[in-house]
Amino acid sequence: MFTYVVVYEIPVYGVHHFSLNLWKSYTPVKDPVKKPKWVNELEKNQPLLDLDTVILAINSAAAARLALETRVGFKRSISVFFNISSRSIAFMWQVLAIFVPTISTLFYIALQLFHNVSSFGSITWIYTTSARVFCTTWTQIQIRCCQILYWPIILQDNGIRSHSCVEYMENTALHRHSMWSSLAVDLLLGNLMGLALIVHAESVCQWILTFASVITNALLRSGSVWLMGVPAGFKLNTELAGVLGVISLNAIQIWSTLWILFSFLFIYFIKGLALLGILFGATIPAALIIDMVYIATLHVSTLHWFISLLYSWQIQALAALWRLFRGRKWNPLRQRLDSYHYTVKQHIVGSLLFTPLLLLLPTTSVFYMFFTILSTAIAFTCILIEITISMIHSTPYIKIFLWLMRRRRFPSGIWFEIASCQNDSLEFACHDKVCSSSEKSYRNNNRGRDRSTIMVSVLRSNFLSIGESLLYFSFNCYYLHLMQGSSWDCLCISSWGGRSRLAC
């Protein structure tokens, strides 16, 4: 007769519980060798013990009793004050659950009315243009509106099912507190940034204006003049370099004049940015900064688009002329190269066009590389700000705080610690360790001669590390969308010059 005794600590909400989830993602490897038939039959066999049901019963034992006592109204003389306080907290929570969604819904209705009024009538083009120019800001405003409308889901009571199991209670609490903790951290960072900008508004404004002047004079103007000469020892076409350089200098001068003309409004923009940070958090001002960076560098984007277009046309013309010399012609219907007999005049015209286009290619390439580097640097700066915004939204602050305070609330698998094993003729005692293989083999060989065997083990849990917690809770679809989203597309397309800011 074999008796197996398992000792475990009763799961308590807010303290610990048991879980079979390993919280790890293993990539399945395809086995090139075909499995034998007995392996497939073995996999079809059901296990003798369903550990999922056992762990669910362990997690539900104490929680179900407490939930039933609360629902039925079972009271003890010792817990009268606890019952009164819990009912008071529940009543206040219900009042808050009604009041906060009402205010949030009214605020959302006001935003929707403003949205509909601004997009009505003759000013529709203004609304459309602003939505394209400030697309990042509009996205963050939509996210904040969704967070406002999410309050009823956060504050609602999920019923007795969520209170019948400690694991369900933990998951519900983490899901409920994730949204408001992210919003609270966002507002805290926004208030810190807003107060700092209000206090140092003039110095920040002066520093930004000085930085813009230095970038314009030391980088843009000096770079354009440098490209008009002999950049890095390259012998460029003087006439084409002069035309492209003059166009660049004129665009830079026009934009600098407009910048100086409207520079007195920049102090009000800084104060408005600070006010937005105090009221709505740090993400909306950060998104507005991204849009303003694109607006402030619109002349660089325009020059990059113009030179990219010129460079693309030049490359396409050289490719077409090269196909002419080879006697090939592109068939757009079948998407292939077909043989074609060109005339002598076509070859002469092609030779006259191919030589100057090929000799002018280095000049266009140098200007293209210069403005591509500038556009890529601007896009990379905006991508860093977008990554910061995404980290503010998706970082599980409440989970990190709970992990630091009580790590036992994040179990990851179970294991059994054998405390003792005894029978009529033999006794094993294994404290704080697992029995050795020799003891196990000796016990198995003598199992048939034992009349009764008693084994006592303690049910233990593994716990998530801080790295595993962050990987599981933070590296979600939002980060994957960030890595595969429009920001990286804009960075890749900026090198090709295929899209302007207004088309994003």
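Begin by selecting residues 89-111, 179-200, 207-228, 240-266, 273-297, 303-325, 346-371 and 377-402, which an unreviewed UniProt entry annotates as "transmembrane region". UniProt positions follow the numbering used here, feature names are shortened, and such annotations may be inferred rather than shown by experiment. The model is predicted, so local features need pLDDT of at least 70 and side-chain atom pairs count only at pLDDT 80 or more, while totals for chains, interfaces and linings use all residues. Residues are numbered from 1 along each chain as its sequence is written, and side-chain values use heavy atoms, with hydrogens and water left out.

**Two annotated spans**

Select residues 179-200: this span is 95% helix and 0% strand, and its end C-alpha atoms lie 32 Å apart. Next, select residues 303-325, where the chain is 100% helix and 0% strand and 33 Å separates the end C-alpha atoms. Helices (H or I, at least four residues) and strands (E, at least two) are DSSP runs, numbered from the N terminus.

**Helix α10 and its partners**

Display helix α8 (residues 201-228) with helix α10 (residues 266-280); they pack at an angle of about 125°, with axes 9 Å apart. Axes are lines fitted to C-alpha atoms, for helices over the stretch in contact, and angles run from 0 to 180 degrees between N-to-C directions. The two helices are therefore oblique to each other; angles under 35 degrees count as roughly parallel, over 145 as roughly antiparallel, 65 to 115 as roughly perpendicular and the rest as oblique. The crossing of α8 past α10 is right-handed, that is, the near helix is turned clockwise from the far one by less than a right angle, whereas anticlockwise is left-handed.

Residues of α7 in contact (heavy atoms within 4.5 Å) with α10 include Asp186, Gly190 and Asn191, and their partners in α10 include Ile270, Leu273 and Gly277. By class, this contact has 11 nonpolar, 4 polar and 1 charged residues. Ala, Val, Leu, Ile, Met, Phe, Trp, Tyr, Cys and Pro count as nonpolar, Asp, Glu, Lys and Arg as charged, and the others, Gly among them, as polar.

**From Asp186 to helix α5**

Now show the side chains of Asp186 and Arg144, which meet in a salt bridge at 2.4 Å, N to O. Asp186 lies in helix α7 (residues 166-199) and Arg144 in helix α5 (residues 135-149), so the pair ties together parts 42 residues apart in sequence. The whole structure holds 3 salt bridges, each a side-chain nitrogen of Lys or Arg within 4 Å of a carboxyl oxygen of Asp or Glu.
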